[in-house]
Amino acid sequence: MSFSKDAKWWCGLLIGLGLGLFIWFYPEIPGLTAEGQKGLALMTATILFWIFRVADEAITGLLFIVAVIASGIMPSTEFLTDWTGPNLWFAISAFVLGAAVAKSGLVRRLTYHLLLRVPNTFAAMTAVLFVIQALFTVLGVAGSFARIALVYPLILEIAQASNLSREGKAFKGLAIAVMASGEPAMLLMYTGFWLNPFAMKLSGQEFFFTDWLRMFTVPALGLMVLTWLVVWLVFRNNEALSIPREQLQAKLAELGSFRSSLLEVKTTVFLMGILLLWLTDSWHQINPGWVALFGACLLMFPRIGVLDLQSGLSSVKWPIILFLGAAFGLGKMVGSLGLNAWLGELLLPSTAPTNAGLFSLLVSYVSIGLHFFAGDVASSMSVTIPPIAEYAASNGHNPAVYGFISYVCTWEQYLFPFQNAGVLMAYGYRYFTAKDLFKFGVVLAVVIPLGLILIGLPYWSLLGVLH
């Protein structure tokens with residue numbers, strides 16, 4: 001460990017412990033109960049530990065859980081409610097679904113077919129990447145890691161066939177397009193990302209799959225177009241691309257015909273069944289998380305599934321699951337101890353803008369600003385969305401709409417790699433620099449809030465769900 005990293009670790013440890021203890025033993029914080037003040041102290045220390053990477057996020061999260069329960073701030077039966085709920089199980093199941101799709105070859109087959117039909121231009125190639133990400137969402141690949149791992153090798157092949165310089169704008173633009181296209185694409189469906197249900201729960205809303213389709217799929221499509229335009233604007237160039245069509249056709253030949261691939265056929269049948277159950281959830285009233293768990297179990301079931309138990313469970317990123325569980329608990333604590341109202345009074349103006357556009361801008365940039373300081377997306381959401389949802393409801397606005405706006409602006413704000421786990425993974429390939437990401441992120445931080453106003457607000461007004 002270098003001196004700078006060592007110093008950062010000690011700095012994070014001392015600041016987190018020091019500020020947490022200061023809040024804990026402070027005589028009295030106006031507006032908070034004794035339990036609320038202790039909860040604020042533990043929350044502050046935990047978020048600072050996450051920001052400074054004092055320990056793995058999962059370890060810090062588990063320590064936070066133990067501290068809350070052991071100190072009597074909240075009973076475990078209340079604090080850990082979400083650990084037995086469908087949202088955490090959906091996140092677990094999403095990894096299994098993604099592993100099944102990846103093993104079957106279905107994603108690779110569809111990706112190769114699309115790439116074979118794309119014109120040799122930067123604009124067309126990046127646009128197809130957004131289409132591929134939308135297909136991943138429909139197929140149940142509900143996470144950034146699998147998407148990046150599946151597509152980045154293909155991008156490298158295209159770059160090598162086109163003789164693109166690793167330092168050139170075209171190569172960097174393609175690499176960032178893979179990462180950036182996933183963010184809005186995963187908003188197309190309630191099950192597109194494991195944090196989507198979490199965002200709605202933090203807003204105090206119980207959503208069905210069809211509710212999300214009605215309210216958020218159209219704005220998500222608009223955000224996909226805007227994000228693609230930002231990629232083109234920031235990284236536009238005249239470098240010619242050369243799609244390695246012969247290599248792609250050879251890869252397709254290796255996969256064989258679709259009908260002869262039992263894995264692909266079985267996976268397709270399972271995915272269609274799961275999607276059908278999701279689309280009809282408002283009728284049968286089964287939460288999408290339980291549908292996903294049912295599908296994951298069938299995919300690992302002997303003889304009829306496509307994964308064995310060991311490979312299915314090994315595909316689950318358990319540190320992420322534990323981290324999410326801690327973030328769920330943090331969100332639960334924020335609401336139960338009244339920290340959402342207290343944080344709202346602290347962070348938001350007492351008089352809210354009456355204009356929906358200005359109110360949306362306020363929500364957007366408060367969320368962006370807090371994410372700048374609050375570390376990863378899940379931890380930032382846990383602190384940001386509850387007070388904003390309550391603030392929206394108290395001012396006559398739909399908390400689901402403004403919880404979604406807060407979620408999108410938190411998730412799509414990444415000036416630095418550490419602010420988003422998927423971005424951090426993409427950055428780890430070293431296909432683009434921190435400077436490239438910062439430049440792209442600055443433009444995106446302007447375009448996304450404006451896009452939500454210009455596309456989202458008229459659409460939600462047309463649906464009659466703004467208030």
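A positive surface patch is formed by K169, R236, K435 and K439 in this predicted model. Patch members have over 30% relative accessible area and no salt bridge, with like charges joined within 9 Å. A salt bridge is a side-chain nitrogen of Lys or Arg within 4 Å of a carboxyl oxygen of Asp or Glu. Lys and Arg count as positive, placed at NZ and CZ respectively. Areas follow the Shrake-Rupley method with a 1.4 Å probe. K439 sits in helix α23 (residues 434-463); helices are DSSP runs of H or I, at least four residues. K439 is partly exposed, at a relative accessible area of 41% (buried is under 20%, exposed over 50%, partly exposed in between).

Residues are numbered from 1 along each chain. Local features need pLDDT of at least 70, side-chain atom pairs count only at pLDDT 80 or more, and side-chain values use heavy atoms.

Aromatic pairs number 26. Rings of Phe, Tyr and Trp (its six-membered ring) pair if their centres lie within 6.5 Å; planes under 30 degrees apart are stacked, over 60 edge-to-face, the rest tilted. The F216 and F404 rings are stacked, because their centres are 4.0 Å apart and their planes at 5 degrees. F216 lies in helix α11 (residues 209-235) and F404 in helix α21 (residues 399-411), so the pair ties together parts 188 residues apart in sequence. F216 and F404 are buried.

The F235 and F440 rings have centres 6.3 Å apart and planes at 35 degrees, so this pair is tilted. F235 belongs to helix α11 and F440 to helix α23, so the pair ties together parts 205 residues apart in sequence. Both F235 and F440 are buried. One aromatic cluster comprises Y190, F207, W212, F216, F404 and W460.

Terms used
Patches are made of residues with over 30% relative accessible area and no salt bridge: like charges are joined within 9 Å, nonpolar side chains (Val, Leu, Ile, Met, Phe, Trp, Tyr) within 5 Å. Helices (H or I, at least four residues) and strands (E, at least two) are DSSP runs, numbered from the N terminus. Buried means under 20% relative accessible area, exposed over 50%, partly exposed in between (1.4 Å probe, protein chains only).
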